[in-house]
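Me: I'd like to learn how to read a few features of a protein model. Could you walk me through them?

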Amino acid sequence: MLSVLFRLMLVYDSTVADNYRAITISPCISKAFESCFISIFSPWLESDILQFGFKKGMGCRDAIYTVKGVVNHINSNGSTAVLCALDLTKAFDKMNHYSLYIKLMDRNIPKCFLDVLLRWYLKCFAYVRWGTTISKTFQLLCGVRQGGVLSPCLFALFIDSVIQKLRASGYGSWVGKFYFGCILYADDILLVSHSIHVMQLMLDICSKEAENFDFSFNTRKSVALWIGPRFRHICAPLTLCKAELQYVDKTKYLGVELLAARSFKCSFEHAKIKFYFL
């Protein structure tokens, strides 16, 4: 138990700034106002069908079931599926406001919505509390309001362009006339392809999109793996934002571990270990 506790202390070191995330303290009237906004402007706030997060009646199980179906479809044709799990660097905290406004304008969202949102985010301020000490307030120039009612919708719209660019390119997995090359759950991005070459083209599109709209991928946490007959073969390196991705035997995705194997398999050992530890 001591070794486990020590490991947890290393992961959640209180002296490391990256281990902290801002939260938004909003009055009830603010939350009610945002809820009304969502209700009135819902036709302009719909995200792509491949975005499984932030939607009523949909959850992690739907995203995982979709991945399983796509991988099985690729394997049924004798091919090996290539999967890349991409991690966005503090996606909610570092979202560029002006990039968001551009994407909203591309959707022809009403000007009144854009005007309110612009003033809404120009008046976002924060402070840092360390123990009993409180810093001076400072203006937030990026990111959505953590805990805000409208924030999930805005982030889903912001990241939608990744799916749209990949679908327009034609790269990635297709099942009949339906595209399944990019599956998202909030900021968890999973790319699926039938070949290394096509996957690299998809990663290049993601890198270009990140450069154009000022967001970044955490290449140390982004990984690749194979599922299919040739899952043990040595593969050509894949690069994302000029950094080489690591091939792994397993990766965590939405609470389960996807395994590099001859067919689609999930592992729940990490969940069982936590259960017995508690």
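Reply: Happy to! A salt bridge here is a side-chain nitrogen of Lys or Arg within 4 Å of a carboxyl oxygen of Asp or Glu. In this predicted model, Lys 250 forms one with Glu 257, their closest N and O atoms being 3.8 Å apart.

Me: How many salt bridges are there by this rule?

Reply: The count comes to six. Among them is the pair Arg 145 and Glu 34, at 3.9 Å from N to O. Arg 145 lies in the loop between strand S5 and H6, and Glu 34 in helix H2, so this pair ties together parts 111 residues apart in sequence.

Me: Are Arg 145 and Glu 34 buried or exposed?

Reply: Buried means under 20% relative accessible area, and both Arg 145 and Glu 34 are buried. Now try another pair: Asp 48 and Arg 167 meet in a salt bridge at 2.9 Å, N to O. Asp 48 is in the loop between H2 and helix H3 while Arg 167 is in helix H6, so parts 119 residues apart in sequence are tied together. Asp 48 is buried, because its relative accessible area is 11%, whereas Arg 167, at 27%, counts as partly exposed.

Technical notes: Residues numbered from 1 in each chain as written. Predicted model: local features only at pLDDT ≥ 70, side-chain atom pairs only at ≥ 80, totals over all residues. Heavy atoms only, no water. Helix = DSSP H or I, 4+ residues; strand = E, 2+ residues; numbered from the N terminus. Buried < 20%, exposed > 50% of the residue type's maximum accessible area, 1.4 Å probe, protein only.
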